[in-house]
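Reader: Could you walk me through this model, starting with its sheet? I have the sequence and coordinates open.

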Amino acid sequence: MSHKVLCLTHSQDYYVTELVDASLAALGLKMVRMNTDQFPLNIQISAMQTNQGINGTIEIDGVRHYLSDFVAVWFRKNQHSNLNSVLTGETLSQATKESTAAKNAVLYALESIFWFDFPFDIQRAENKQLQLILAKECGLSVPNSLLSNSPDAVRQFFESENGNLITKMLTPLTTFMSNPKAFVYTSKVNREHLSKLDSLKYCPMQFQQEIEKAYELRVVFVAGEFFTGKISLKTARSKQSLDWRSAEHPHFCWKPYQLPDTVCQQIRLLMARLSLNFGALDIIRATNGDYVFLEVNPCGEWGMLQKELDFPIAQSIARCIKNNVNIGLSHE
């Protein structure tokens, strides 16, 4: 019997998928890559339900794989079906919805095998409000936060924080860690902004207390293991930035960092509460010494840490998948 791991990603995703592919191969598992945005144009899925069970196949690049061959799924990204080249208007909209629903219906029904991580757990964990609540319950420090589309509420929050306020979006405009023009970075709220909040009623935003930071940390969590990079900004201008991703690459570098055991245990508790084996966390080391949790990205990027610091993150992901396949754990 084949022992295959289905990798759900998209056509523009490289490097980290290749790293994990090689790491899985070293453990005797074959990764099958499915670019979710290429279904249904270049991928065929079939699933037949009978009283005897389900028989299903996925055909990718002319190769047919049986659903029963997969022992695990690595959920990296799941993008909407891209039918823009063949359809337009209402037909495009409806076909996209139907294709996405069909794809998810077949794939997400594979609950009897191990997922890294399960889509519904990821969807729940992406709730930024829930993250802050659970992080606080697990002992982590969090910034005072306001999610609102009320200009008056924002103005009151601004005054209560003595003008030390930042804002950011709840969802990303990009799937990459580089700084494309469409990316909206964390920004400071100034007093002059308070008179220009009318459009907030159409697009709620997250507002947070601005933490006086010593430095920022990117923490990659893999099944209890930690790979932490300290962001070292080289220029005075970069050091004043609220979001390190807005700095050009030559102006910052990564340095390995060891989190205190207490913070590691608090993060382990949080990840257990979120039912996640993986997460990329953003943490600030405040000037008063506190470690302040900002957010966890359930499918966050980590390739830069493996590349710059030689962290064996891909190997850790592959090992987690292999270990769970070996002991026969399911999502449940």
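Reader: In what order do the 4 strands of the open sheet stand?

Author: This is a predicted model, where local features need pLDDT of at least 70, side-chain atom pairs count only at pLDDT 80 or more, and totals for chains, interfaces and linings use all residues. Residues are numbered from 1 along each chain as its sequence is written, and side-chain values use heavy atoms, with hydrogens and water left out. Strands are DSSP runs of E, at least two residues, and helices are runs of H or I, at least four, numbered from the N terminus; two strands pair if DSSP finds at least two bridges between them. The pairing here is parallel, and the order is β2-β1-β6-β7.

Reader: Why is one side of β2 and of β7 left without a neighbour in the sheet?

Author: β2 (30-35) and β7 (114-116) stand at the edges, so each has a single partner strand. For β2, that pairing is with β1 (residues 4-9), over 6 bridges. Within it, the bridge partner of Leu8 is Met34.

Reader: At what angle does α1 run to β2?

Author: Angles run from 0 to 180 degrees between N-to-C directions, with axes fitted to C-alpha atoms, for helices over the stretch in contact (heavy atoms within 4.5 Å). Helix α1 (residues 16-26) lies across β1, β2 and β6 (70-75). Its angle to β2 is about 155 degrees.

Reader: Which residues of helix α4 are buried?

Author: Buried means under 20% relative accessible area, with a 1.4 Å probe and protein chains only. In α4 (residues 128-137), the buried residues are Lys128, Gln131, Leu132, Leu134 and Ala135.

Technical notes. Buried < 20%, exposed > 50% of the residue type's maximum accessible area, 1.4 Å probe, protein only.
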